[in-house]
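Please open the model in a viewer and keep the sequence panel at hand.

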Amino acid sequence: MVLTSSLRKLISDSSPLFRFSVLVAISLLIWWRPLIASFALALRDDQYTHILLILPVSVTLIFLDRKSFETPEDRRSGPGVILLISAVIATTFARWQILPLRPDEELSVNMLALVVCWIGAFIVSFGTRAFQRALFPLCFLFWIVPIPEFLLSAIIRLLQEGSVTSARLLFALIGVPSTQDGTLITIPGLTVEVVRECSSIRSSLMLLVTTMVLAQTWLRSAWRKVLVIAVAIPLSVAKNGLRIFVLAMLTTRVDRSFITGRLHHQGGVIYFLIALAVIILLIWIAHLTERKSRLFAANSPELAETRSR
């Protein structure tokens, strides 16, 4: 009892960084196996590759902005305690099979609980205002949660059908007749099926994650960030439609080997870079308009004062 009281006093009197380190260390002891399982999944399955980037990016963003919450004005930790308790309850439900879960769903729940625990630990250690300042990198951690199979399959299906639809639009633009049947698209001399492996789920998730980081880094306005991120979603579909269109045209107009060649199996990076270039252009334009708006706002009081004279 005396030892527990002493430990509590030690933690309460310690620095925020020490408290946070202790809580994170405890969380790693509890959720070590799900964390390792998630990284292993990311290494062996292309659909989850983005998971490997999330933790380093979040930690880097928090580290770069660390001075903004080193001396927090608000040290209320109640919400953080609630999140810590919620994380423990969620992982208890998952591990004791109180609710029937498939293995992939159990992993998702455990990783969701781990992220909630980390956010709770941050609030307990640094306070709610520090949490508000570090909102993006902390919430960005939710990308480390593996998407459960039932949800991933639905997303992939949407990508498949959306890719075929966008390819049909491109064929229509150049006057090539085409028909669509689910994930099948037919043009004269060729029928292409956009199977699960060709849905571009990996590059689409990577594009969305990259867009979020770039928008957060270069833009200040919330609505501009949301707009750029929203554009990345249909752009993910459009880039795969462009890929189908190019392959189909090269196969029917140049050489049949294109449909089974390297451009088909390894050319996805080309279309990812095209989409990323579009995103960077949009962010650059948004950044310019944002800077002009700030300059105008800064000069407007002076202009008003000059006119009044």
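At what angle do helix 9 and helix 10 pack, and how far apart are their axes? The model is a predicted one. Select helix 9 (residues 201-218) together with helix 10: the two pack at an angle of about 160 degrees, and their axes are 9 Å apart. Because angles over 145 degrees count as roughly antiparallel, helix 9 and helix 10 are described as roughly antiparallel to each other. Their crossing is right-handed.

Next, display the side chains at this contact. On the helix 9 side, select Ser-203, Ser-204, Leu-207, Leu-208, Thr-211, Met-212, Ala-215 and Gln-216. They meet Lys-225, Val-228, Ile-229, Ala-232, Ile-233, Ser-236 and Lys-239 of helix 10. Coloured by class, the contact shows eight nonpolar, five polar and two charged residues.

From helix 9, step back to the loop that lies between strand 3 (190-193) and helix 9, and select Ser-200. Its phi is positive, at about 65 degrees, although Ser-200 is not a glycine. Is Ser-200 buried or exposed? With a relative accessible area of 8%, Ser-200 is buried.

Select Ser-166, which is placed in helix 8 (residues 149-173). This serine is buried, its relative accessible area being 14%. Which residues does Ser-166 touch, leaving aside those up to four places away in sequence? They are Val-237, Ala-238 and Gly-241.

The next stop concerns aromatic rings. A search of the whole structure finds five aromatic pairs. One of them is formed by Phe-122 and Phe-126, whose ring centres are 4.8 Å apart and whose planes stand at 40 degrees, so the pair is tilted. Phe-122 and Phe-126 belong to helix 5 (residues 103-126), and because they are four residues apart there, about one helical turn separates them. Both residues are buried.

Now select Phe-171 and Phe-245. The centres of their rings are 5.2 Å apart and the planes are at 55 degrees, so this pair, too, is tilted. Why does the pair tie together parts that are 74 residues apart in sequence? Phe-171 lies in helix 8, whereas Phe-245 lies in helix 10 (residues 222-253). Both Phe-171 and Phe-245 are buried.

For the last stops, move to helix 4 (residues 78-95) and select Thr-91. Thr-91 is buried, with a relative accessible area of 5%. Show its contacts, not counting residues up to four places away in sequence: Thr-91 touches Trp-31, Asn-110 and Ala-113.

Finally, select Gln-97, in the loop between helix 4 and helix 5. Phi of Gln-97 is near 55 degrees, a positive value in a residue other than glycine. How does Gln-97 count in terms of accessibility? At 37% relative accessibility, Gln-97 counts as partly exposed, whereas Ser-200, the other stop with a positive phi, is buried.

Methods:
Residues are numbered from 1 along each chain as its sequence is written. This is a predicted model: local features need pLDDT of at least 70, side-chain atom pairs count only at pLDDT 80 or more; totals for chains, interfaces and linings use all residues. Side-chain values use heavy atoms; hydrogens and water are left out. Buried means under 20% relative accessible area, exposed over 50%, partly exposed in between (1.4 Å probe, protein chains only). Contact means heavy atoms within 4.5 Å. Rings of Phe, Tyr and Trp (its six-membered ring) pair if their centres lie within 6.5 Å; planes under 30 degrees apart count as stacked, over 60 as edge-to-face and the rest as tilted. Axes are lines fitted to C-alpha atoms, for helices over the stretch in contact, and angles run from 0 to 180 degrees between N-to-C directions. Angles under 35 degrees count as roughly parallel, over 145 as roughly antiparallel, 65 to 115 as roughly perpendicular and the rest as oblique. A crossing is left-handed if the near helix is turned anticlockwise from the far one by less than a right angle, and right-handed if clockwise. Ala, Val, Leu, Ile, Met, Phe, Trp, Tyr, Cys and Pro count as nonpolar, Asp, Glu, Lys and Arg as charged, and the others, Gly among them, as polar.
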